[in-house]
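This briefing concerns the domains, ligand shell, sheet and helix packing of the entry shown below. Please read it alongside the sequence and the model.

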Amino acid sequence: MLPKSEIPILQGPMLGASTPDMVVAASLAGGIGSLGAAGYAPGALTEAITGIRQRVGGKPFLINLFVLEPARPDAAALANAMRQLAPWRAELGLAEQAIPNKWAEDFAAQFDVLVETAPPIASFTFGILSAEQCARLKARGIAVVGTATTVAEARAWAEIGADAICASGFESGGHRGTFLKPVEESLVGVVSLVPAIRAATGLPVIAAGGIMEGRSIAAMLQLGAEAVQMGTAFLLAEESAISAPWRAELKGKDADATRLTRAFSGRYARGLENRFLREMADKEIPPYPIQNALTQELRAASARAGRSEMLSLWAGQGVHAIREGRTTDLVRIFWDEARAAMRDTLARFDP
Ligand SMILES: Cc1cc2nc3c(=O)[nH]c(=O)nc-3n(C[C@H](O)[C@H](O)[C@H](O)COP(=O)(O)O)c2cc1C
C-alpha cells in the first residue's frame with residue numbers, strides 16, 4: 001500500500017538535483033520527498049536512508065533507483081565514443097580519457113540496502129523488478145512504485161505486484177523510464193497516460209510530466225491520479241544540488257526549449273537544447289550507462305568552468321513556469337494553488 005501524505009505531492013526523485021535536505025523538507029511540509037539515489041554507492045545509500053528517516057519523524061519518504069544490468073561495453077563502440085568526446089575534453093583542458101573503472105553502481109548491492117534499511121517507499125525506473133524482488137521489498141513493509149511510460153509497462157508492473165504506478169508523460173524532464181518498446185513508440189502525454197493506466201491496472205497512479213503549479217495538480221487529481229510527482233518544479237529550490245550554469249539556463253525559458261536526446265548518457269532524456277546536444281545529434285552513441293560514464297568528467301568540468309554548452313540541462317516541458325524558493329514553501333504554495341484551482345473551476349461553471 002502506498003503510504004498517505006497530507007499533501008498529494010511528491011517532490012520527484014532527481015539524481016544530481018534532489019538532496020537529503022530537499023527530501024526532508026518536502027516530507028516535513030506534508031508532501032513526499034524523494035531521493036534520486038541511483039548514483040549512490042551502497043554505503044552512502046545506507047547513510048542517506050538512515051539520516052532521512054531520523055529527520056522526518058515518521059513521515060513518508062521515497063528512495064529511487066535505476067534497474068540496471070551490469071554493463072558490457074562493445075570495444076569498437078567504446079573506442080568510437082571516446083574518439084568523439086576527445087575534442088570536447090580538449091576544449092575544457094581535460095587530459096586524454098581513461099576507461100572508467102566503474103560504469104554504474106551495482107544495482108543488486110543497492111537493492112540489498114533497500115531491503116535492509118526498509119524506507120517507506122521505493123520507486124524504480126529504466127527497467128522492472130522480478131516478482132520475487134518485489135515480494136522481498138513488500139515483506140519488509142516497503143511500498144513499491146514502478147515507473148511506466150506506456151500502458152503495457154504499467155501492466156507489467158501490476159503483474160509483478162507493484163503497489164502504485166508513476167505514469168511518466170513525455171513532458172517529463174530527465175531520463176525516459178521506458179523499458180519495453182523503443183522510446184519513439186513510448187511517448188504518451190500525461191493527460192492520456194494517467195486515466196489509461198488507472199483503468200488498465202486499478203492501481204493508484206502518480207502523475208508525472210509538465211506539472212508545475214496548482215492548476216495542473218488539480219487537473220491530474222481530476223483525472224484520477226492519487227498524487228502528482230513534480231521534478232522540474234523543484235530544480236531551482238534552495239536545496240537543489242544543480243550547478244550554477246544549469247540554474248542560470250533554467251530561467252526565462254519558453255515551453256518549447258526542451259529536446260529529447262541520447263547524447264549525454266546513451267538513454268533518451270529531456271533537457272534544454274545546447275551546443276553539445278546539437279552537435280552530437282547525428283553521432284553513434286553507446287547505450288546507458290556507457291556514454292553516461294564517459295561524459296561524467298566532461299559535464300563536471302563544464303559545470304566548474306561555469307559553461308553550460310557541455311552540461312546535461314535536464315528540464316521538462318513546463319520549464320517556463322519554474323520558480324525559486326525553499327522546498328517547504330514550494331510544496332505548500334503548490335497545494336494552496338491546487339485547492340484554489342479546484343474551487344475556481346467549480347465557481348466558473350456552477351456559480
Ligand atoms: C534533473 C532531473 C533528474 C531526474 N532524475 C530522476 C531519477 O533519478 N529517477 C527517476 O525516477 N526520475 C528522475 N527524474 C524524473 C522526475 O522524478 C519526475 O518524474 C519528472 O521530473 C516529472 O516531470 P517534470 O520534470 O515535467 O515535473 C528526473 C528529472 C529531472 C528534471
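The domain assignment divides the protein into domain 1 (9-68 + 104-247 + 321-349) and domain 2 (73-103 + 258-314), with bounds that come from an automatic or database domain assignment. The model is predicted: local features need pLDDT of at least 70, side-chain atom pairs count only at pLDDT 80 or more, and totals for chains, interfaces and linings use all residues. Residue numbers start from 1 along each chain as its sequence is written.

**Domain interface**

- The C-alpha centres of domain 1 and domain 2 are 26 Å apart.
- At the interface, 12 residues of domain 1 are in contact with 17 residues of domain 2; two residues are in contact if their C-beta atoms, placed from the backbone, lie within 7 Å.
- On the side of domain 1 that touches domain 2, β7 (174-175) and α9 (244-250) each supply at least two residues, and α9 gives the most, with 3 residues.
- Helices (H or I, at least four residues) and strands (E, at least two) are DSSP runs, numbered from the N terminus.
- The residues on this side of domain 1 comprise 6 nonpolar, 5 polar and 1 charged; Ala, Val, Leu, Ile, Met, Phe, Trp, Tyr, Cys and Pro count as nonpolar, Asp, Glu, Lys and Arg as charged, and the others, Gly among them, as polar.

**Ligand shell**

- The ligand is surrounded by 29 residues, of which G12, G173, G174, G231 and G316 are the closest; a residue is near a molecule if its C-beta atom, placed from the backbone, lies within 6 Å of it.
- This shell consists of 11 nonpolar, 17 polar and 1 charged residues.

**Three-stranded sheet**

- An open sheet is formed by 3 strands in the order β7-β11-β10, with antiparallel pairing; two strands pair if DSSP finds at least two bridges between them.
- Because β7 and β10 (258-261) stand at the edges with a single partner strand each, one side of each is left without a neighbour in the sheet.
- β7 pairs with strand β11 (residues 269-272) over 2 bridges in the antiparallel sense.
- G174 stands opposite R270 in β11, while H175 has A269 of β11 as its bridge partner.
- β10 and β11 are joined by 4 bridges, also antiparallel, and R259 has G271 in β11 as its bridge partner.

**Helix packing**

- Helix α8 (residues 214-222) packs against helix α12 (residues 327-349) at an angle of about 65°, with the axes 7 Å apart; axes are lines fitted to C-alpha atoms, for helices over the stretch in contact, and angles run from 0 to 180 degrees between N-to-C directions.
- The crossing of α8 with α12 is right-handed; a crossing is right-handed if the near helix is turned clockwise from the far one by less than a right angle, and left-handed if anticlockwise.
- G214, R215, I217 and A218 of α8 meet F334, E337, A338, A340, A341 and M342 of α12, and the residues of this contact divide into 7 nonpolar, 1 polar and 2 charged.
- Helix α6 (residues 151-160) and helix α7 (residues 190-201) have axes that come within 9 Å and cross at roughly 35°, in a right-handed crossing.
- V151, A154, R155 and A158 of α6 make this contact with A196, I197, A200 and T201 of α7, giving 6 nonpolar, 1 polar and 1 charged residues.
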